[in-house]
Amino acid sequence: MDITLIVDFFPKLISYLHITLLILVAAVAIGLVIGVVIALIRIYKVPGFNQLALIYISFMRGTPILIQLFLIYFGLPTLLALVHIDVSRANPLLFVAITYGLSCGASFAEIIRGAVNGVEKGQTEAAYSIGMNEKQMMVRIILPQALVMAFPNFANSVIGSLKDTSLAFTIGVMDMVGRGNTLIASSLHALEVYITLSIIYYGVVICLEKGFSLSEKKLQRFEGSLAVDTK
Amino acid sequence: MQIDIPFIFTALTEIFKALPLTMIITLVPLMIGFLIGIGITLIRIRKVKGIYRLANFYVSFLRGTPALMHIMLIYLGLPLLIDKMAETFHWSIQSTSIPILLFVLMALSLTAGAYMSEIIRAGILAVDQGQLEAAESIGMTGFQAMRRIVFPQAIAISLPNLCNIFIGFLHTSSIAFIVSQKELTGAANIVASNNLKFLEAYIAAALIYWGLTIISEKVTALLEKRVTVYNRGGVA
């Protein structure tokens, strides 16, 4: 083992960090949209769609991300070929973003639903009693409180997704791990590459954790204090 | 390309044969991880000097890096270490004679240990302080109180989390295919490339994982009813 190689590999690998982060950001963005829609379907128990949402969440929770990745990578071109869209030459990044987005969507949906159900019933009643309609009640009263409650779980889920992105290389994406594999092929120093990758992942996770805990404090600055100052 | 539905069933029976290996890669690390987890938790709760920081770093580092990294670090690093040791101490073992499975199990045990310690810690801290005081007031030693009073309740509280970590590790075991283990995903990969029917093989694998997850959720729900019997309140 050669420690100096780690120093040598570090800049080479970190220059691909933006691909990893791009996958993460795309996944979280797609996941948020899907998550909110699915959560609303589950909360309002929209007939028909509710069962579909249940199956979707159960499937995403019930299968490894690696299998989901392969299913999308091999399945989506087949599916789109039926409507005569050819994606066989598309960038594998696209498939990765869709897979991780779908996966995030399922976990976000459950997190949002849990948080909305966690808001006290009196809040809804109070909103109605001052004459708000259902949409106002949801947007102004319930969702802001639910988001604060959902935030820690949301943060955990995002960090989990970051770690999952390390598997994207299996379908040939050139992210950090993908670049690491080409480095291994050219230098034959696999251990050093993986040590470097671990250090980078650990650093990113620590940064994310710090960032999330700061935003959590900021979000929760209204929590726990009394609505009316009794002093 | 069309989907060959009958082939999914063929693949299903073929891939299903790999279930024992997936179960080994899931359960062995969880069991070893449970022991590591208890050790780490005790170190962290009692704040044992010196190793306390090390335990914190262990948990934080393994929770902060992907499981793929742990497998690769152990799989690539440990053989170097073993060969070096064998050379210095004139042992007659060679790293090449050690099956890869053993490295995977070791790596995932370390991963499991870190996640388990967080679950066990949360469980122990959730047990009411009064329980410990009551145990001591009737003359139990610290060890007795821990083993007979705190621990059983902590496990009951942790059950949903333990189920989650089981499902998590069932899915993590799929990474072992990257170091050419023939567990469910590895078997699916072989069936897929032998027959050039990738989608069908992975659908079959997905169905097996999905079924296993649903079964373990149901079993947990039943277990939870049993272990929380003491906590139901009211008159029996």
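Reader: How many helices and strands are there in chain A?

Author: Chain A has nine helices and zero strands, where helices (H or I, at least four residues) and strands (E, at least two) are DSSP runs numbered from the N terminus. This is a predicted model, in which local features need pLDDT of at least 70, side-chain atom pairs count only at pLDDT 80 or more, and totals for chains, interfaces and linings use all residues. Residues are numbered from 1 along each chain as its sequence is written, chains are lettered from A and ligands numbered from 1 in the order in which they are written, and side-chain values use heavy atoms, with hydrogens and water left out.

Reader: What describes two packed helices?

Author: The angle between their axes and the distance between the axes describe them. Here α2 (residues 17–43) and α7 (residues 134–164) of chain A pack at about 140 degrees, with axes 12 Å apart; axes are lines fitted to C-alpha atoms over the stretch in contact, and angles run from 0 to 180 degrees between N-to-C directions. The pair α2(A) and α7(A) is therefore oblique (under 35 degrees is roughly parallel, over 145 roughly antiparallel, 65 to 115 roughly perpendicular, the rest oblique).

Reader: Which residues of α2(A) and α7(A) meet?

Author: Contact means heavy atoms within 4.5 Å. On α2(A), A:Thr20, A:Leu21, A:Leu24, A:Val28, A:Leu32 and A:Leu40 meet A:Met138, A:Phe154, A:Val158, A:Ser161 and A:Leu162 of α7(A). Nine of these residues are nonpolar, two polar and none charged (Ala, Val, Leu, Ile, Met, Phe, Trp, Tyr, Cys and Pro count as nonpolar, Asp, Glu, Lys and Arg as charged, the others, Gly among them, as polar).

Reader: What are the dimensions of the box that the C-alpha atoms of chain A fill?

Author: Along the principal axes, the box is roughly 70 × 55 × 25 Å.
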